[in-house]
Amino acid sequence: MMSEWKDLLSKPPETLTDREAGRLALGLQGLSRWLLKPEVLEKAAAYLADDPIWTEMLKPWRERPALPQDAGSCWVVTVLMNAEKYPALREAAVLPLRWQRRPADQPSGAHDPRLPEGLRRIADRVLQQVAEEEPSVKEANWRLVPAIEQFPPGPAQELLVGSYESAFASLAAGLFLATWEGKPDPTVWATGAWADGGIQPIEGLPQKAALAIEWGAKVLFVPEQQQKELEKNGYFHAGAHGLHLLPLRAGTRKLRESLREYLDQLEVPPGPEASRKQRSAYFLRIPDDAKARQYYREYILPEVREAWRPAIHQQVPRFREEAPLLVSIVSKGFDLQALTVGVLQPQQCLLLYNEEMATEIPMVEETIGEDCALKKHRFTGQTREELLQEFQNAIRDFLHRMSGDRLVVDLTPGQRIMNLALYDAMPTGSFALVCQAEMDKNTRRPKPFTEKFELWQVNR
Amino acid sequence: MTMRQDWTNGNDPFGWLEELQEALEAASLEEFETREPKAVSEEAKRAAYQLAVALGRCRVFGVQAPADIDGTLHPPVAVAAAEVGIQYLRQWTERAHRLGQDWDASEPEIAETLCAETLEFLMETLFVMEALSEAFEADLEQGGSRDLWEAIGHYTEALGELDRALQTPENLALLSTVVRLPLLDNWRQSLAGDYKEVLPWWLDGTLEKVDQQITEYCRRTLPAGEVWRRMMERRQPSTPSPVEAPQPEVLVAAALAIRMRRRWHEMIKRLPAAMAMAAQPAVESPEVAVAHWRSPEGKYIADMPVPLRPVVGQPVYLKVFRTEDAAKATELAGQPVVLAGLQAVLDEQGRAAFSLEELQRAIQAGADPTLKIGPDLTPWEELPLEGFPEQDSSPPNG
């Protein structure tokens, strides 16, 4: 059978009969859609599509296959070395794969033997390299398997012969994501080799970019050296097709650093259905603070609010009917205002800030401006007395003859002297609020779902 | 389930239980208990293979093993047995490719031994496959090991290579020389249960048929006595011998006699019940098996793609093509077709539609599965079925 495939693959698509194309497509099983040219698949469908039922059954051959999106999935794009010899094959192909974790009690195993040897070798190198930066990889016993149903054992080895050096970046990012249980975005592609402790240029970029465009990719990460070169020479106008070429950072020996932007774009943010652990880990992985804030507000804060609001309402039942007024010092770190506002849902918020904090105001306004009306007061005092005086005046104006028991003063953000002065400035009957959370050392962000709120009434 | 003969009361005429006992006592098998699978020695793997052979032989021949030596192979043992089995299959496949040369270079007795040994090894593959399948089924109940699934997949694949290498017309002709020995009959009589009903290709009459065709051909083409004598008198060194002359046609005849492990009618009996289109699970690739036939003179081939997950009311189409250029046999339009007793007519595209459900019913009722085409309803030779999985195509824990 193998020799028949070779004969058929050697024919230019236009000379293949429908039957021959059909034999090829059926023989290659699940690989057909990934390896055969669309015109060959069209002929294969014509061989079988005799009526509407068969036509419906053959839809997969007429549609572009979807890349896998579940945790552990990745895909590599390769220029097929035998494409010249076998014109029925695509010049470049994308191969969907999956990093699979074996149970701890099972022996460590090699990668799926149906995968081409070159790819398995790179997968071994990826495992070794990623394990240096992500120790959990060593323990988890990962192996690479094809993410294609009906993957034929026979022909794959030969048809998929190719250089897989450029698969390193995709496999490595896939493995990082797999360890984090992250899901990949099928519109984010990459191609890049790793050697001598850094990202290295690759071959066949035009074919790979063309394939990425065909598969609807929006971004293709390429080695930094090549991105510059391509842009300079105007060699490939990928942008014209809606494909953005972005760099895999060269010049660093840290793999994760090289892949940082790629990983950030590749990982699909875990939605509300994901576990707290997954969302929390993802939140702390987001490199960009603004993006992290947005993620927190969308996928973490609602749950924190749901957890704490009943407790607050139980403690102060009138807040259930009548939203409180909130006073808070602008936070310079992660936006604690958003957290407090999110949980308390005040009617109005007075933001106290000094010159140093002024730069944070637009961000705070953007973050919580939609949730409650904001008032701002700039203070200039340095000493306890000056601060106390300013805060007392600001609170009096803010309350505007309303009773103090409607006021909540957030003592979480700000320097200690400011907090103490603000505490002293609180009118009788008002409520003090402190939010505590474990902080992540690397990002200086609160670890989601460790938040705890303390609320008490000040009666002097 | 295989019916087993109870030969435990000391009645083990061929000593198969004794061999099973010996295989179980191999000291190196202990390594499977004490070492990681990767660290198991080659000797232990070979012992695992011998155990698979011995156990599978008891199953295939229906020998009931006493409880103290009965059981199924543990997954690591089965995987090792499959690995060794694959090595042997590759060696035998290489030998199959040069069987003709070895035959030519051997004395007649040795040549016959070559074929007998080949057939003995084929029996061995049957035993190993039985032991592996049993281990796989038992393991599935425990959740299934991907290693075992893959090992069996690779073993099956290597087995297919050997079958293909042996089913060439030339090799079938050579293997058919053993039909006069009691070997094949002995095996057939020893088979039990399913194996007795669905015979492997070397026991299903294929070799006997090849032998018969070769004998018939020789009888028809041998010169009469007077001519023979004159030929011998005139014989020059370069003159082809009478036995060389018919060889190409003998090979064609042998090729026509190839038998496969699965035939189309066995396959459609095993299809799942038809479902509504909307109820079909989404699949990445069409799941289709294709039955093939060849016309008596080899001018045409017929395909019948069959959906492995049929839809209610789905017809199947028999399509006839010219062998020469794989083009549709439009010139056969209007010719009658009979398949499993159902009648149809080839349309202008050389195609005939059948109701899959009617075909299934006809086959279940015992209709003759032979494809017949043309005004004389000439039988066509069935070729190997393609695309029908020998085992479940999805791995456990996949």
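**Figure 1. Burial and secondary structure in chain B.** Of the 398 residues of chain B, 36% count as buried, a residue being buried if 20 or more other C-beta atoms, placed from the backbone, lie within 10 Å of its own, exposed if 12 or fewer do, and partly exposed in between. This is a predicted model, in which local features need pLDDT of at least 70 and side-chain atom pairs count only at pLDDT 80 or more, whereas totals for chains, interfaces and linings use all residues. Residues are numbered from 1 along each chain as its sequence is written, and chains are lettered from A and ligands numbered from 1 in the order in which they are written. The secondary structure of chain B comes to 15 helices and nine strands, these elements being DSSP runs numbered from the N terminus (helices H or I, at least four residues; strands E, at least two). Among contacts in chain B between residues at least 6 apart in sequence, 71% join residues at least 24 apart, where two residues are in contact if their C-beta atoms, placed from the backbone, lie within 7 Å.

**Figure 2. The contact between chain A and chain B.** Chain A gives 26 residues to the contact and chain B gives 28 residues. On the side of chain A that touches chain B, the elements giving two or more residues are α2 (18-27), α3 (32-35), α5 (52-57) and α6 (59-62). The residues of that side of chain A divide into twelve nonpolar, seven polar and seven charged, with Ala, Val, Leu, Ile, Met, Phe, Trp, Tyr, Cys and Pro counted as nonpolar, Asp, Glu, Lys and Arg as charged, and the others, Gly among them, as polar.

**Figure 3. Helix α7 of chain A and its surroundings.** The 17 residues of helix α7 (residues 117-133) of chain A should span 24 Å at 1.5 Å a residue, in agreement with the 25 Å between its end C-alpha atoms; the expected span is 1.5 Å times one less than the number of residues. Buried in α7(A) are A:L119, A:I122, A:A123, A:V126, A:L127 and A:V130. Seen down the axis of α7(A), these buried residues fall within an arc of 150°, so they line one face of the helix, the arc being that of the directions from the helix axis to the C-beta atoms. The face turned away from the buried side of α7(A) carries the exposed residues A:Q128 and A:E132. The cover over the buried residues includes α8 (136-140), β3 (142-146), α10 (168-180) and α13 (255-258) of chain A.

**Figure 4. Strand β2 of chain A and its partners.** Nine of the ten residues of strand β2 (residues 92-101) of chain A are buried. Strand β1 (residues 73-79) of chain A runs antiparallel to β2(A) and is joined to it by seven bridges, two strands being paired if DSSP finds at least two bridges between them. A:S73 has A:R98 in β2(A) as its bridge partner. β2(A) also pairs with β3(A) in the antiparallel sense, over five bridges, and A:W99 has A:L144 in β3(A) as its bridge partner.

**Figure 5. Strand β12 within an open sheet of chain A.** The six strands of this open sheet have the order β13-β12-β11-β14-β15-β16 (chain A), with mixed pairing. Five of the six residues of β12(A) are buried, so this strand is largely enclosed by the rest of the structure. Strand β11 (residues 325-329) of chain A runs parallel to strand β12 (residues 348-353) of chain A, joined to it by five bridges, and A:L326 has A:C349 in β12(A) as its bridge partner. β12(A) and β13(A) are likewise parallel, with six bridges, and the bridge partner of A:L352 in β13(A) is A:H377.
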